[in-house]
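User: I'd like to go through this model with you, starting with the pocket. Can you take my questions as they come?

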Amino acid sequence: MGSIDRAREVAAREALKYVRSGQVIGVGTGSTAMLFLRELHKSIINGAVSNVLLVPTSTETEIEIVRLGLVNLLRYPWQVDHIDVAIDGADEVDYGKNLIKGGGAALTREKIIDYWAREFIVIVDESKVFNSIPSKHPIPIEVIPFAWSIVRTRLEELGGTAELRFGSGKRGPVVTDNGNYIIDYMPKSVINIEELERVIKEIPGVVEVGIFNGKRVSRVIIGKVDGSVITMD
Ligand code: 5RP
């Protein structure tokens with residue numbers, strides 16, 4: 001196992017400490033969130049955790065819940081009246097717990113579930129922590145297909161680069177679980193990430209922005225390659 005994989009795994013395992021029997025759990029998207037789901041699965045099998053319900057943040061996560069044989073625990077948002085805790089990954093984190101999310105194009109459902117949760121816990125490896133964000137990863141923005149070129153132009157006018165995301169395994173743009181497109185926006189400079197989120201969300205055609213406000217994040221668990229974890233509360 002690579003050292004980054006190990007770092008992600010220790011973060012995922014640490015997150016289990018914040019899960020209790022009887023809870024409604026929001027399950028994030030991406031490789032780190034999948035590691036958490038597999039750890040949770042082990043705890044369910046060995047009886048350490050029981051009577052939980054799982055609300056997925058994407059089709060990927062939904063399929064994995066079913067694949068692990070946990071379909072009886074699967075719930076959609078309209079089947080529960082609250083989420084106790086959501087555990088999710090991130091592409092980048094700063095020291096104010098602000099996040100860039102949406103590398104897997106699941107940002108809209110993630111934000112819905114993560115922000116609804118009474119506790120929102122982020123699990124990352126140490127390579128994802130930066131002094132300021134976005135650093136390496138552009139900001140994913142979900143847009144309705146009709147508006148993609150207009151939104152791209154408006155973003156370029158704000159300064160920086162904006163590109164329609166294309167994926168592998170399919171010709172044409174990446175289509176999200178909600179039937180929308182993704183524009184990846186790398187601003188020239190960011191003075192205030194909270195203000196940037198607000199400005200982008202006001203562009204007509206934007207569904208959601210992959211900037212998650214640190215005030216909405218309860219805790220960030222950072223797994224390190226040496227096998228230790230640190231937590232930002
Ligand atoms: C998906 C996400 C993921 O949480 C983010 O991309 C991190 O993924 P990984 O754990 O695979 O690095 O926001 O939309």
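**Pocket, ligand and strands**

Analyst: Sixteen is the count to start from: 16 residues line the largest pocket, and T29, G30, S31, A90 and D91 lie nearest its centre. A pocket here is an open set of points on a 1 Å grid over the protein atoms alone, where a 1.4 Å probe fits, with protein on both sides within 12 Å along at least five of seven lines; lining residues have an atom within 4 Å of a point. This is a predicted model: local features need pLDDT of at least 70, side-chain atom pairs count only at pLDDT 80 or more, and totals for chains, interfaces and linings use all residues. Residues are numbered from 1 along each chain as its sequence is written, and side-chain values use heavy atoms, with hydrogens and water left out.

User: What volume does the largest pocket have?

Analyst: About 190 Å³, taken as the space filled by probe spheres set on the points.

User: Which helix gives the largest share of its lining?

Analyst: Helix α2, residues 31-45, with three residues. Helices are DSSP runs of H or I with at least four residues, and strands are E runs of at least two, numbered from the N terminus.

User: How do the lining residues divide into nonpolar, polar and charged?

Analyst: Three are nonpolar, eight polar and five charged. Gly counts as polar in that scheme.

User: Which backbone atoms lie close enough for a polar contact, a pair of N or O atoms within 3.5 Å?

Analyst: One is a backbone N or O atom of G102, 2.8 Å from a ligand oxygen atom. For A106, a backbone N or O atom is 3.1 Å from an oxygen atom of the ligand, and for G104 a polar backbone atom is at 3.2 Å from a ligand oxygen.

User: Changing topic: is strand β6 mostly covered or uncovered?

Analyst: Mostly covered: six of the seven residues in β6 (119-125) are buried, meaning under 20% relative accessible area with a 1.4 Å probe, protein chains only.

User: What does β6 pair with?

Analyst: Strand β3 (residues 85-88) pairs with β6 in the parallel sense over four bridges, and I87 stands opposite I121. Strand β12 (residues 219-223) also runs parallel to β6, joined by five bridges, with V124 opposite I222. Pairing requires at least two DSSP bridges.

User: And what order do β4, β5 and β11 take?

Analyst: β4-β5-β11, in an open antiparallel sheet. The edge strands are β4 (92-93) and β11 (211-212), each pairing on one side only.

Definitions and conventions:
Buried means under 20% relative accessible area, exposed over 50%, partly exposed in between (1.4 Å probe, protein chains only). A polar contact is a pair of N or O atoms within 3.5 Å; within protein, one must be able to donate a hydrogen and the other to accept it, and residues adjacent in sequence count only if both atoms are side-chain atoms.
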